[in-house]
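Please keep the sequence and the model in view while reading.

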Amino acid sequence: MLSLVVRRLGLLVPVLVGLSVLLFAWVRALPGDPARALLGERATPAGIAEVNRLYGFDQPWWQQYLTYVSRIARGDFGNSTRTGQPVLDTFLERFPATVELAVAALLVAVVVGIPLGYLAARRAGSWWDQLVVGGSLLGVVVPVFFLAFLLKWLFALELGWLPTAGRQDARIDATHVTNLYVLDGLLTREWDASWDAVVHLVLPALALGAIPLAIVVRITRASVLEVLTEDHVRTAEAKGLLRRTVSRRHVLRNAMLPVSTTLGLQAGALLAGAVLTETVFAFNGIGEYLFQAVNQLDYPVLQGFILVIAVVYALVNLVVDVSYGLLDPRVRTA
Amino acid sequence: MPWFPPTERRPVRTVLTAAALTALLAATTSCAESQRDDDSGSGGSSSAGGGGTFVFAASSDPSSLDPSFASDGETFRVSRQIFEGLVGTVPGTADPAPLLAESWTTSADGLTYTFTLREGVEFSDGTPFDAEAVCANFERWYNRTGIQQSENLSYYYRSLFRGFKENGDADLQTPLYKSCTADAANQATIALNAPFAGFIAALSLPALSMQSPTAIAEHRGDEVGGTDSDPRFSEYASAHPTGTGPFLFDSWDRGQQVVLKPNPNYWGEKAKVDEVVIRTISDGTARRQALQSGDIDGYDLVAPADVAGLEADGFQIEQRKPFNILYLGINQAVPALQDIRVRQAIAHALDKEALATGTLPEGTEPATQFIPDTVVGYAEDVPTYPHDVARARQLLAEAGQPDLTLDFVYPTGVSRPYMPNPEDTFKVLSTQLAEAGITVNPVPLKWTPDYLDRVQGTPDHGLHLLGWTGDYNDPDNFVGVFFGKKSNEWGFDDPELFGALDQARGLPTQEAQVPAYQAINRQIMTKLPGVPLASPIPSLAFSAEVSGYEPSPVQDEVWNTISLQGS
Amino acid sequence: MSATSAVVAEAAGSAPTSAARGRAVWERLRRDPGAWAGAVIVTAFVVVALAAPLIAPYEPARSQWIGQITPAHVPGPSADHLLGLDSFGSDLFTQLVHGARQSLVIGVVSTLLGLLAGSALGLLAGGIGGRVDTAVMRVVDVLLSVPALLLAVSVAAVVGRSALSVMVAIAAAQVPIFARLLRASLLAQRGRDYVVALRSLGLRQRRIVVGHMLPNALGPLLVQATLVLATAVIEVAALSYLGLGQADPAVAEWGRMLVKAQERLEAEPDLALWPGACIAVTALGFTLLGEALRQALDPRARR
């Protein structure tokens with residue numbers, strides 16, 4: 001297990017080096033002066049000269065690249081041209097919000113998706129099966145931001161059941177420790193703050209969870225179908241085990257493997273989806289910040305966030321791979 | 001989950017699931033509602049205000065809590081609650097009024113200003129507000145060095161006072177500020193090196209508001225580290241702003257919200273609410289929806305399309321008197337546009353009336369010149385160019401440009417008070433130009449840095465949309481900003497106009513400036529460097545509970561007058 | 001050539017000839033209701049896109065009736081305008097019809113770009129193997145480590161704002177997927193009997209890969225391309241939402257129309273629902289067709 005982790009971390013190194021080269025080249029490929037791009041609208045000639053010196057834009061490219069990498073290695077990703085805040089600080093401030101949202105979305109996907117997929121597989125071919133499969137397709141073909149708008153329109157504006165925006169009611173005096181608001185409320189025993197954060201999570205999580213939900217439904221259905229035909233299940237059923245026991249012990253467990261793989265692969269898509277969902281719900285995580293960065297071409301933020309997101313993405317996939325071992329004994333020995 | 005069908009096989013379980021979901025949803029709603037009730041109920045117990053929490057949505061975080069290092073509206077929105085200047089504004093106008101200075105006198109040569117200060121005022125840290133404090137503030141700005149002089153950090157001081165004690169870069173000139181003397185505890189005299197007719201009006205800017213010298217020293221407010229592009233603000237600017245205003249800083253949760261509490265020792269009318277939360281919601285649609293769902297009590301920059309709907313739903317719309325101008329810029333670096341007939345043709349092709357009713361807030365009037373009618377020096381008798389397509393075509397034919405094609409640069413992803421929806425404005429204008437036979441090649445660009453870079457930094461544009469919101473009542477703040485010197489934006493070099501503006505700026509009093517600026521406005525509209533379109537009315541929206549909000553044309557809106565009813 | 005085919009067929013043993021296989025696939029497709037639904041939607045979409053000028057009653061994106069638009073009101077359906085106007089004063093029905101054309105062009109071109117570039121990488125990796133494989137796959141890993149939408153955003157920032165940049169951006173995000181797919185499929189064929197047989201006949205590696213392995217891998221690529229067409233239609237909308245779409249705001253493009261209409265969702269829901277539905281139905285059509293193809297081509301997934 002440990003060697004797997006080490007090997008996978010080793011594989012991350014070339015990816016990061018490649019990505020840093022790519023991002024380095026990217027900023028230089030952007031139209032216009034990189035110094036001007038970094039400085040923004042009130043760039044003065046003196047300021048441009050200062051940035052050129054500071055970032056070493058006047059040096060040969062390989063030297064520039066080394067400077068860039070050494071800055072990153074020191075955790076210096078530069079400052080946002082929009083707010084002046086250090087990129088890494090902003091990322092760390094906002095990341096918990098996105099983690100909270102992503103976890104909630106995955107929770108929606110798993111809690112709703114696995115039972116649906118399982119039931120569909122058990123009654124493969126029935127109209128119920130068709131409905132679930134068709135419904136899950138719908139989740140994939142509607143643009144995420146449009147779905148978010150529709151959810152907000154229906155549940156927050158028309159019905160008034162849920163809040164439209166934000167992570168917590170501004171009128172609640174909540175203490176924040178980890179910036180995971182739900183957890184913070186539990187830690188500080190401010191139950192109302194915690195509950196309020198949950199309420200604010202419902203709609204964004206539904207919108208963001210739609211695509212993973214559809215995928216979980218389909219994968220669960222497919223793998224349950226596959227497992228159902230495998231010998232050990234047939235044997236178990238032949239042995240006269242209760243159908244429910246068979247399903248829980250054998251079918252679901254074996255079907256979990258592809259589901260967890262798929263969820264790992266979804267991490268990147270979730271982050272991209274978060275850009276759209278967080279913006280619609282003014283959920284102040286990294287997605288919403290990226291949206292603003294895209295809108296105002298805040299290059300240091302884009303550059304830094306993409307790199308950090310890639311690392312997070314790789315780590316999530318690593319965790320998923322390790323979790324195989326826990327779910328499937330066959331992988332453990334490999 | 002309406003598609004959870006009760007099946008014959010496992011009816012119990014399915015029904016249970018559906019029931020559980022329904023219960024969960026019901027619980028969610030009821031809790032959300034009771035939450036709100038609890039909050040407003042508990043609001044009454046805390047302090048004298050007894051007015052609950054006022055939640056306002058801003059479009060972005062403040063850039064700093066020290067307004068002297070800022071130039072953006074969202075920073076000033078916060079600092080206006082915490083700080084006050086020597087001079088304020090007459091409510092509902094852009095005209096200067098006494099605030100921390102009760103009165104002032106000007107010497108005949110316009111070089112010396114003596115201020116009589118309000119007595120018995122203290123900064124919220126207990127430091128007395130007196131002539132020493134006034135001088136400390138002026139000296140603080142004047143003595144800035146290094147990166148603190150950069151446009152990024154001292155935008156307003158630089159452009160108003162032109163220079164520092166020791167100028168750090170070549171763009172700076174001889175400073176206007178000379179000295180500050182504390183004649184008595186309640187009397188301070190400021191001496192200038194040259195006349196500055198807009199001095200008093202300029203002192204109403206939040207960037208020049210009075211801050212506690214003790215607090216600045218204690219929290220190292222003058223130690224701004226980093227570089228021009230990478231300023232690291234001090235502890236003072238991020239957590240300890242200290243002023244004389246009706247609110248005290250409480251907390252700033254970056255990217256989320258700023259919380260203010262009432263100042264119990266405020267010298268004037270004390271705040272009626274118990275707490276103010278300024279929450280950051282960057283998306284305009286999300287701000288509106290947050291108001292509709294009761295998450296917030298008010299927001300700024302209401303889109304014209306939303307006004308009618310909000311009013312119909314029982315929300316209050318507060319309109320500011322427009323103190324801005326939206327114009328169509330014409331760049332004379334493009335050879336065809338150097339011909340005055342072509343520029344006149346463009347002006348005749350435009351139907352400003354239709355533009356205003358189609359895309360701008362209701363009640364917006366077309367503009368005839370580059371300043372709104374409330375500004376000193378507005379001229380009634382400027383040349384006008386009524387909508388006349390035939391005349392436009394005729395002028396184009398005379399100029400030998402019957403099928404002119406122009407790049408029309410316009411910004412995207414931005415909404416300014418003078419330009420609520422650039423895309424719509426662009427679309428209407430380009431359709432009108434097409435009717436007169438001018439083909440438009442659309443060039444949409446991101447507001448920053450692309451758009452401003454292209455329009456202000458390069459000569460590569462034909463037509464463009466831009467405008468300005470005035471900071472205080474001074475014509476130089478409009479036409480001086482636009483046409484003061486040769487620029488990439490307009491692409492013309494006109495010593496006559498530049499000279500007239502320079503001379504008008506140097507006049508000692510505003511009375512003397514009125515005829516000078518009227519002449520300048522006539523001159524500009526004859527030369528027609530661009531077409532002033534309108535002064536759109538900026539709107540704010542509030543829930544029905546909010547009362548006492550006083551909109552100001554220069555956004556000098558202080559929230560101590562606000563109260564929340566039924567809470 | 002025919003001699004080698006015969007040998008291959010022989011070597012493959014029970015493997016059916018390509019003609020027979022094609023018939024089987026066709027047979028499976030014919031029996032799949034999803035395939036029918038997908039085919040009908042896709043055909044309708046393509047017909048509308050190609051015949052847009054014949055179907056649409058007016059010229060698109062002209063804002064002819066912009067005078068009737070006010071901030072508070074957009075005229076709804078009338079005798080002259082089947083679905084009313086859009087918020088820039090063009091005929092909504094006309095805009096929707098011409099939007100199909102935009103989607104088709106952007107979708108097909110970006111998919112082709114992604115397919116070609118991705119296949120080239122995949123062919124290098126899977127066909128040559130060894131160091132080349134490792135190097136190419138590292139590049140693909142790097143591309144995969146950036147979420148597709150962010151990759152598209154990065155590309156759009158460099159290329160600028162135009163229909164072309166949207167296509168390149170969407171294609172860029174699909175490159176690693178096609179590359180992996182083709183590589184995997186080539187690797188899987190390596191040990192197959194017919195490849196071993198061809199090699200023993202002394203055929204050069206390049207001919208085996210291009211002449212025999214590649215055609216066999218086309219099925220999965222085709223499936224993926226169909227599915228990517230669905231994604232492309234949706235991604236165009238996402239890019240528009242991020243402000244990276246086409247230049248002219250009034251252009252007949254579903255994503256832009258949808259984004260613009262969000263502002264008025266409560267007052268004029270039709271303006272958003274029509275383009276939203278067009279995107280969803282088109283994406284659904286390509287997805288259904290792609291899924292059906294996948295199942296038809298891959299007998300294991302037949303169910």
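Asp253(B) has Gln257(B) as its bridge partner in β11(B). The two strands concerned are β10 (residues 247-253) and β11 (residues 257-262) of chain B, which pair in the antiparallel sense over six bridges; strands count as paired if DSSP finds at least two bridges between them. Three residues lie between the strands of this hairpin, and Gly255(B) takes a positive phi near 80° there. Helices (H or I, at least four residues) and strands (E, at least two) are DSSP runs, numbered from the N terminus.

This is a predicted model, in which local features need pLDDT of at least 70 and side-chain atom pairs count only at pLDDT 80 or more, while totals for chains, interfaces and linings use all residues. Residues are numbered from 1 along each chain as its sequence is written, and chains are lettered from A and ligands numbered from 1 in the order in which they are written.

Of the 567 residues in chain B, 53% are buried; a residue is buried if 20 or more other C-beta atoms lie within 10 Å of its own, exposed if 12 or fewer, and partly exposed in between, with C-beta atoms placed from the backbone. Two residues are in contact if their C-beta atoms, placed in that way, lie within 7 Å. Among contacts in chain B between residues at least 6 apart in sequence, 70% join residues at least 24 apart. Where pLDDT is low, the predicted coordinates should not be read in detail.

Chain C is built otherwise: it has 12 helices and zero strands. Its C-alpha trace spans about 75 × 45 × 30 Å along the principal axes. Buried residues make up 53% of its 303 residues. For contacts in chain C with a separation of 6 or more, 72% are between residues 24 or more positions apart.

Where does chain C touch chain A? Contact involves 33 residues of chain C and 35 residues of chain A. On the side of chain C, at least two residues each come from α6 (130-144), α7 (148-159), α10 (205-241), α11 (254-262) and α12 (269-297). Among these, α7(C) gives the most, with seven residues. This side divides into 22 nonpolar, seven polar and four charged residues, where Ala, Val, Leu, Ile, Met, Phe, Trp, Tyr, Cys and Pro count as nonpolar, Asp, Glu, Lys and Arg as charged, and the others, Gly among them, as polar.

Chain A is itself divided into domain 1 (2-73) and domain 2 (92-333), with bounds from an automatic or database domain assignment. Their contact takes 13 residues from domain 1 and 11 residues from domain 2. On the domain 1 side, α1 (2-29) and α2 (34-39) of chain A give two or more residues, and α1(A) provides the largest share, 10 residues. That side has 11 nonpolar residues, one polar and one charged.

A final view is of the interior. A nonpolar core is a set of buried Ala, Val, Leu, Ile, Met, Phe, Trp, Tyr and Cys residues joined through C-beta atoms within 7 Å. The largest has 340 residues, and those with the most contacts inside it are Leu101(A), Ala105(A), Ala148(A) and Ala152(C). Beyond its neighbours within four places in sequence, Ala152(C) is in contact with Ala169(C), Ile170(C), Ala172(C), Ala173(C), Glu235(C) and Leu239(C).
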